[in-house]
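Look at the sequence and the structure first, then read the points below.

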Amino acid sequence: MSYPLHFDLTNKVIVITGGAGVLGTEFSKACAQAGAKVVILGRSLEKAEKLASELRSLGQQALAVSADVLSKPSLESAHELIKKTFGPVDILINGAGGNDPKATTGDEYFSQAAYQTEGAKHFFNMDLDGFNYVFGLNFTGSLIPSQVFGKDMIGREGCSILNISSMSAFNPLTKIPAYSAAKAAINNFTQWMAVHFAKEGIRVNALAPGFFVTEQNKNLLIKPDGSLTDRSNKIISATPMKRFGEPGELIGTLLWLIDPKQSQFVTGVVIPVDGGFNAYSGV
């Protein structure tokens with residue numbers, strides 16, 4: 001091994017689900033700069049193509065593909081297009097995910113007042129379709145892409161799957177039971193797959209971001225006037241580094257985990273990038 005370490009993903013075909021989101025955009029840009037053939041996969045072809053065009057204008061290799069991570073036929077069609085354009089997939093980053101108001105409670109703690117108020121959100125009237133959608137998006141939305149694109153990795157060197165976990169996987173965050181349960185399942189599933197595919201040389205790991213402001217959580221964390229919400233203040237107070245993360249701060253860990261030359265003996269791990277949130281006991 002040569003030092004210092006240098007990330008080189010030249011000609012690796014990397015599929016990034018949710019690849020045009022706030023975090024996914026950083027993942028896509030970083031992989032492209034490291035020499036990969038990047039597939040930006042998302043439901044919005046327009047959004048994915050805008051990013052892909054930007055990368056291609058810099059002389060990098062990028063393909064925008066529209067697909068639904070909860071639909072196997074949709075992903076299989078995308079897979080055929082990817083193979084025709086770039087060849088078999090080497091690396092999968094399962095970045096698609098998110099939450100929905102229907103899968104949340106109105107209060108952190110059970111409230112008798114809310115329970116007795118018509119129209120108030122509480123555990124006992126949580127929408128089951130909403131719960132199933134959020135759990136499915138965050139868990140099944142990683143399972144199905146792994147089934148579809150993971151087939152390309154059998155019998156080939158340097159292949160891996162990277163799941164995106166969350167702080168909520170370690171300690172469930174209040175109000176978001178479906179998201180928390182799904183991310184806990186992602187941690188377990190990451191370890192399961194790592195063992196299952198170890199003899200094939202396919203590494204499976206997970207990256208667990210701390211708190212980053214994204215399109216999906218911005219309204220929960222930032223008030224219209226730009227100040228922090230009460231939930232944000234609680235997060236910051238429980239984060240030893242006393243701030244939110246910047247998307248670019250995930251990249252070093254991400255590239256290390258997917259570069260087979262730098263992490264070839266690393267599999268089955270979940271790495272927090274969280275400013276110390278997961279380590280802090282509160283006292």
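Helices (H or I, at least four residues) and strands (E, at least two) are DSSP runs, numbered from the N terminus. With that numbering, Lys-175 sits in the loop between strand E5 (160-164) and helix H6 (177-196). The model is predicted.

**Backbone angles**

- Most residues other than glycine have a negative phi.
- Lys-175 has a positive phi, near 75°, and is a residue other than glycine.
- Lys-175 counts as partly exposed because its relative accessibility is 29%, and buried means under 20% while exposed means over 50%.
- Lys-242 also has a positive phi, near 60°.
- Lys-242 lies in the loop between H8 and helix H9 (251-258).
- The relative accessible area of Lys-242 is 48%, so this residue is partly exposed.

**Salt bridges: the count**

- Side chains of opposite charge can pair when their charged atoms come close.
- How many salt bridges does the rule give? The count comes to seven, the rule being a side-chain nitrogen of Lys or Arg within 4 Å of a carboxyl oxygen of Asp or Glu.
- Among them are Glu-49 with Arg-56, Lys-234 with Glu-108, and Asp-259 with Lys-261.

**Glu-49 and Arg-56**

- The closest N and O atoms of Glu-49 and Arg-56 are 2.3 Å apart.
- Glu-49 has 29% relative accessibility and therefore counts as partly exposed.
- Arg-56 is partly exposed too, because its relative accessible area is 37%.

**Lys-234 and Glu-108**

- In the salt bridge between Lys-234 and Glu-108, the closest N and O atoms are 2.9 Å apart.
- This pair links distant parts of the chain, with the two residues 126 residues apart. Lys-234 belongs to helix H8 (residues 230-237), and Glu-108 to the loop between strand E4 (91-94) and helix H4 (112-115).
- Lys-234 has a relative accessible area of 44%, so it is partly exposed.
- Glu-108 has a relative accessible area of 30%, so it is partly exposed.

**Asp-259 and Lys-261**

- Asp-259 forms a salt bridge with Lys-261, and their closest N and O atoms are 3.6 Å apart.
- Is Asp-259 buried or exposed? Asp-259 counts as buried, because its relative accessibility is 0%.
- Lys-261, at a relative accessible area of 42%, is partly exposed.

Definitions and conventions
Residues are numbered from 1 along each chain as its sequence is written. This is a predicted model: local features need pLDDT of at least 70, side-chain atom pairs count only at pLDDT 80 or more; totals for chains, interfaces and linings use all residues. Side-chain values use heavy atoms; hydrogens and water are left out. Buried means under 20% relative accessible area, exposed over 50%, partly exposed in between (1.4 Å probe, protein chains only).
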